[in-house]
Amino acid sequence: MTTTPLTLRPGRPPADPSVDHEIQAIVAGAAAGSTCTTDLAAGPWTFDTRPGYGPGASMGDVIPTGSPRQGELPQRYRDAPDEELHDRIRAAKATLGDRVVVLGHFYQREEVVRHADYVGDSFQLAGAAASRPEAEAIVFCGVHFMAETADLLSGPDQAVILPNLAAGCSMADMADIDQVEECWEQLAELFGDMDAPDADGLVPVVPVTYMNSSAAIKGFVGRHGGIVCTSSNARTVLEWAFARGRRVLFFPDQHLGRNTAKAMGVPLERMPMWNPTKAWGGTDAATLEDSRVILWHGFCSVHRRFTVDQIDKARAEHPGVRVIVHPECPMAVVDAADESGSTDYIRKAIEAADEPTTFAIGTEINLVRRLAAQHPQHEIFCLDPVVCPCSTMYRIHPGYLAWVLEELVAGRVVNRITVPQDVAEPGRVALERMLAAKPPAAGAQK
Ligand code: SF4
């Protein structure tokens with residue numbers, strides 16, 4: 001079994017990449033800098049009994065009623081010092097052997113990622129899960145929609161486990177299946193039969209969902225002739241959709257949709273926003289009829305923190321800096337950056353830089369800090385000077401990982417994520433369309 005986190009280079013003596021250590025030091029007054037909330041210094045179990053996404057970038061977002069809540073983490077895991085938790089995780093993994101595979105998202109805290117068999121973005125990790133059919137349990141250290149995708153792509157006898165059920169995703173939650181169904185019905189009132197091609201062979205609307213969406217949304221898309229995209233292949237997927245439809249309904253992330261379509265030459269005035277809380281989405285029939293991409297009113301609160309002012313400051317303070325941001329950032333930020341691309345793009349761009357370079361990166365801070373530690377020949381910093389990780393990734397702590405693994409050792413599966421069959425089948429169809437549109441270049445690194 002591969003036990004080394006995939007994105008770490010062996011043999012390097014990295015600086016401490018732990019965002020958690022930095023937060024603890026800032027809150028204790030032992031380090032300069034600031035966090036978006038001092039609550040980040042507390043154990044995530046502090047927030048499991050409270051509604052909301054928890055401290056971090058999404059703490060101001062409205063969490064849907066009925067979102068999964070995590071039960072009480074046993075006290076022994078809350079009280080255990082870090083090294084004891086790490087020893088317990090290592091021991092449980094050794095006992096379980098090939099029966100378990102641990103996946104760690106790029107944005108996961110370092111203390112969890114160090115135990116991951118695979119580290120990657122959500123789709124790479126789902127592919128890694130599918131490549132390990134012998135594993136009875138897939139422990140997904142990421143967020144809820146990622147565990148659902150792994151369940152879609154893994155075998156029926158494999159249990160996908162999310163160590164903390166409160167690890168949702170505020171962006172994915174912004175596209176609720178009832179709201180999407182309602183939007184579709186309204187569009188059908190305007191455009192008529194949504195399955196009927198016109199004289200050019202194009203249907204009125206092709207639904208496209210970002211990977212960062214619930215399985216219910218992926219199933220909706222699969223049922224309605226649509227497709228899933230990632231931040232790496234959004235342009236290819238939009239080309240696929242435009243070959244089949246007059247326009248695209250893109251959800252949940254307005255920024256990825258706008259940035260991608262704009263780069264393809266779609267004028268901004270032909271990209272109306274659909275706000276599900278407003279009548280007709282807050283737009284009108286004439287605008288919808290003229291549209292090429294209807295953007296759902298969703299966003300990532302991590303990437304929304306990045307601003308043009310931060311880029312200006314980085315350029316002023318670091319002449320020659322190379323600014324790379326994620327396409328979930330607002331359009332003005334993407335336009336002001338030197339480059340934009342997925343987490344994998346950012347990682348590869350830094351790896352490919354031959355000369356010592358200063359990089360200002362606009363994505364989640366755990367990944368930025370890890371990249372900085374892995375590449376000491378470069379200066380790499382996060383554009384956002386405030387330490388404010390993804391709230392929901394932060395909910396996974398080594399204590400939860402130790403708990404789910406020791407439960408597996410005891411023969412119990414806790415926190416299993418299962419997608420109902422009637423949703424899973426069309427969801428897989430939407431994912432298969434994406435793979436057929438353009439297979440991922442490399443898959444997860446091993
Ligand atoms: S970084 Fe944004 S899109 Fe990713 S899990 Fe966190 S809230 Fe969701």
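**Domain contact and a helix pair**

The C-alpha centres of domain 1 and domain 2 lie 32 Å apart. The model is a predicted one, in which local features need pLDDT of at least 70 and side-chain atom pairs count only at pLDDT 80 or more, while totals for chains, interfaces and linings use all residues. Residues are numbered from 1 along each chain as its sequence is written. In the protein chain, domain 1 covers 19–169 + 392–419, domain 2 covers 177–298 and domain 3 covers 303–387; these bounds come from an automatic or database domain assignment.

Where domain 1 meets domain 2, eight residues of domain 1 are in contact with six residues of domain 2 (contact: C-beta atoms, placed from the backbone, within 7 Å). On the domain 1 side, two or more residues are given by each of α5 (122–130) and α6 (144–153), with helices taken as DSSP runs of H or I, at least four residues, numbered from the N terminus. The largest share, four residues, comes from α6. By class, this side of domain 1 has five nonpolar, two polar and one charged residues (nonpolar: Ala, Val, Leu, Ile, Met, Phe, Trp, Tyr, Cys and Pro; charged: Asp, Glu, Lys and Arg; polar: the others, Gly among them).

Turning to a helix pair, α10 (residues 234–242) packs against α11 (residues 254–263) at an angle of about 75 degrees, and their axes are 10 Å apart. Axes are lines fitted to C-alpha atoms, for helices over the stretch in contact, and angles run from 0 to 180 degrees between N-to-C directions. Helix α10 is therefore roughly perpendicular to α11 (65 to 115 degrees). Here A234, R235 and L238 of α10 meet L256, T260, A261 and A263 of α11. The residues of this contact comprise five nonpolar, one polar and one charged.

Technical notes
Two residues are in contact if their C-beta atoms, placed from the backbone, lie within 7 Å. Angles under 35 degrees count as roughly parallel, over 145 as roughly antiparallel, 65 to 115 as roughly perpendicular and the rest as oblique.
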